Amino acid sequence: MSVLGSSLLEKIESRHARTGVVGLGYVGLPLAVELAKAGFHTTGIDLDQRKIDAIMAGRSYIPDVPTAEVQALRTSGKLNATTDFSVVKELDTINICVPTPLRKTKDPDMTFILAAVAEIKKYIHPGQLVILESTTYPGTTDELVLPALEEAGMKVGQDFFLAFSPERIDPGNKQYQTRNIPKVVGGVTAQCTQVAKALYEQSIDTVVPVSSTRVAEMVKLLENTFRSVNIGLVN
Ligand SMILES: NC(=O)c1ccc[n+]([C@@H]2O[C@H](COP(=O)([O-])OP(=O)(O)OC[C@H]3O[C@@H](n4cnc5c(N)ncnc54)[C@H](O)[C@@H]3O)[C@@H](O)[C@H]2O)c1
């Protein structure tokens, strides 16, 4: 493990790391709340000022997240939200949870991921962990996110850490929510997997490391395909 990796791991395990979540929708807000509940000082970033205002006022707009939880985390100072990406300078970890809607041609629209990564790149610093959670095709993290972040002049696995972890949230499900849905995580390097796994282990019951970002991306694609086939069959 590089010196920066060991130091980040130590901050994560002692819950002193400053965590950030980009995109505060159905996926991002529950994740930000779980991280803050685990004791991390957490900052949410979103372009939608109404969501930022709601969080700052201690109000939830996602049915699975009780307003009382957001309010308590605001009172304790564990949860903040902003539209200003320059806060990335102060963060140790960043989870990207922006939309990837299908285009007319049925391929995912990557513009939200690219826009978020372009902003993060401006403020990324050594010792930071970036995890993509948006649903996407196998290869996205390696082929799109990695080259963009490396333009900042740092080496992955040494200076900064990058992983993919598919989101499997099932909105409205009373039994399975962010905390108890097993989280699959695959890093660009073994060290990336190790630090990303450590982060999730602080706030999620079961973490399943896999050998690469592509495997983690493929897991999600396979699960969505399985569900789609079953829905088609029932219909
Ligand atoms: N909702 C689900 O049930 C679910 C389940 C599994 C996976 N996913 C995947 O997770 C990802 C997020 O989905 P969601 O349902 O949370 O979407 P959402 O639309 O509820 O939330 C996305 C948020 O990202 C914000 N955003 C967009 N571009 C941004 C940018 N450049 N910078 C900062 N914020 C930005 C939007 O304002 C919005 O608040 C998608 O890839 C989706 O496919 C969703």
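Which backbone atom lies 3.5 Å from an oxygen atom of the ligand? It is a backbone N or O atom of Val98. Taken alone, the ligand exposes 820 Å², and the protein buries 80% of that; such areas come from the Shrake-Rupley method with a 1.4 Å probe, and for residues only the protein chains shown count as cover.

Before I continue, a word on the source. This is a predicted model, in which local features need pLDDT of at least 70, side-chain atom pairs count only at pLDDT 80 or more, and totals for chains, interfaces and linings use all residues. Residues are numbered from 1 along each chain as its sequence is written, and side-chain values use heavy atoms, with hydrogens and water left out.

Let us stay with the ligand. For Asp46, a polar side-chain atom lies 2.6 Å from an oxygen atom of the ligand. For Tyr26, a backbone N or O atom is found 3.1 Å from a ligand oxygen atom.

I now turn to individual residues. Is Ser2 buried or exposed? Ser2 is buried because its relative accessible area is 16%, and buried means under 20%, exposed over 50%, and partly exposed in between (1.4 Å probe, protein chains only). Ser2 belongs to the segment before helix 1 (3-13), and its side chain reaches the backbone oxygen of Gln158 at 3.1 Å.

Two loop residues have a positive phi without being glycine. Arg15, with phi near 60°, is in the loop between helix 1 and strand 1 (18-22). Arg15 has a relative accessible area of 34%, so it is partly exposed. Lys106, with phi of about 70°, lies in the loop between strand 4 (93-96) and helix 5. Lys106 counts as exposed because its relative accessibility is 67%.

Key
A polar contact is a pair of N or O atoms within 3.5 Å; within protein, one must be able to donate a hydrogen and the other to accept it, and residues adjacent in sequence count only if both atoms are side-chain atoms. Helices (H or I, at least four residues) and strands (E, at least two) are DSSP runs, numbered from the N terminus.
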